[in-house]
Amino acid sequence: MNESLTIAMDGPAGSGKSSVARRIAEKIGYLFLNSGAMYRAVTLLADRSKIPCTDITNLIELAHDCQIDFTDNGKITLLNGEDVSHLLHTPEIDKAVVEIAKIPEVRRAMVKQQRRIGKDGGIVVEGRDVTTVVFPDAEVKFYIDASVQERAKRRFLELQDKEVVCTVEQIEQEIKTRDETDASRAHSPLRPADDAIIVDTTDKSLNQVVDFIIEQIDAHT
């Protein structure tokens with residue numbers, strides 16, 4: 001395996017791209033870069049700092065001043081050196097990150113950090129604009145998708161494991177809202193790159209998706 005490839009994956013919330021990207025990175029010995037976790041870390045920092053989603057100026061300052069890194073193949077997210085991995089997937093963060101992630105200057109700050117982490121290649125990076133904005137020259141690109149119903153079911157089961165009280169219908173509506181926000185934002189909207197390979201995970205197991213993507217990567221190299 002070429003050790004300097006950049007493998008980029010975009011897709012909507014709940015499509016399975018994080019699980020897929022992490023597994024791919026493990027299999028080929030690359031670093032896993034979870035760009036979504038970076039926006040969640042900024043959202044957590046804003047919550048801790050009591051900065052509302054409407055305070056654009058201070059949110060931008062937070063995003064520029066913090067440092068986010070990953071260890072343990074992306075399983076651990078470090079915010080200014082602190083492991084905050086277990087704090088990033090709560091209903092409160094889910095709701096607020098939608099607003100914070102659409103602020104252009106916050107996105108620019110995160111893009112700068114993503115490029116810092118991935119400057120030497122050898123990474124599998126996933127997000128919502130990594131194939132179109134962050135790493136447009138990535139050697140291999142994928143767009144990971146699934147039906148809204150399937151994505152809602154996956155998220156519901158994940159929250160149930162964490163004993164979060166919610167319903168599938170509630171999660172489905174939140175996903176639809178997130179999709180609309182991601183696709184319609186003026187800066188870095190979610191869309192498949194022209195040269196991305198589309199992968200629908202709705203009726204596929206994680207192993208099936210990973211095997212298919214590994215085949216595509218091998219074909220490229």
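The accessible surface of the protein chain in this predicted model comes to about 10,600 Å², and 49% of that surface belongs to carbon and sulfur atoms. Of the 221 residues in the chain, 52% are buried. Among contacts with a separation of 6 or more, 76% join residues 24 or more positions apart.

**Overall form**

The secondary structure of the chain comprises 9 helices and 8 strands. Its radius of gyration is 16 Å, close to the 17 Å given by the globule rule for 221 residues, so the chain is as compact as a globular protein of that length. Taken along the principal axes, the C-alpha atoms fill a box of roughly 50 × 40 × 30 Å.

**The parallel sheet**

Five strands form an open sheet in the order E2-E6-E1-E7-E8, with parallel pairing. Strands E2 (31-34) and E8 (197-200) stand at the edges with a single partner strand each, so one side of each is left without a neighbour in the sheet. From one strand to the next, the twist averages 20°. Strand E7 (residues 140-145) pairs with E8 in the parallel sense over 4 bridges, and Asp-145 has Asp-200 in E8 as its bridge partner. Helix H1 (residues 17-28) packs on this sheet, where it touches E1 (6-10), E2, E6 (123-127) and E7. The direction of H1 makes about 180° with that of E6.

**The antiparallel sheet**

A further open sheet, of 3 strands, has the order E3-E4-E5 with antiparallel pairing. Its edge strands, E3 and E5 (82-83), each pair on one side only. Strand E4 (residues 76-79) and E5 are joined over 2 bridges in the antiparallel sense; Leu-79 has Glu-82 in E5 as its bridge partner. Helix H2 packs on the sheet and touches E3, E4 and E5, its direction making about 125° with that of E3.

| Strand pair | Sense | Bridges |
|---|---|---|
| E7 and E8 | parallel | 4 bridges |
| E4 and E5 | antiparallel | 2 bridges |

**Helix H5 and its cover**

Helix H5 (residues 104-117) has 14 residues, which at 1.5 Å a residue should span 20 Å; its end C-alpha atoms are 20 Å apart, in agreement with that value. The buried residues of H5 are Val-106, Arg-107, Ala-109, Met-110, Val-111, Gln-113, Gln-114 and Ile-117. An α-helix has 3.6 residues a turn, so residues three or four places apart point the same way. The cover over the buried residues of H5 includes strands E2 and E3 (68-71), together with helices H2 (35-48), H3 (56-65), H4 (91-100) and H6 (130-134).

Technical notes:
Residues numbered from 1 in each chain as written. Predicted model: local features only at pLDDT ≥ 70, side-chain atom pairs only at ≥ 80, totals over all residues. Heavy atoms only, no water. Pairing = 2+ DSSP bridges. Axes fitted to C-alpha atoms, helices over the stretch in contact; angles between N-to-C directions. Contact = heavy atoms within 4.5 Å. Rg over C-alpha atoms; globule rule 2.2 N^0.38 Å. Buried < 20%, exposed > 50% of the residue type's maximum accessible area, 1.4 Å probe, protein only. Areas by Shrake-Rupley, 256 points an atom, 1.4 Å probe, with all protein chains shown as cover. Expected span 1.5 Å × (residues − 1).
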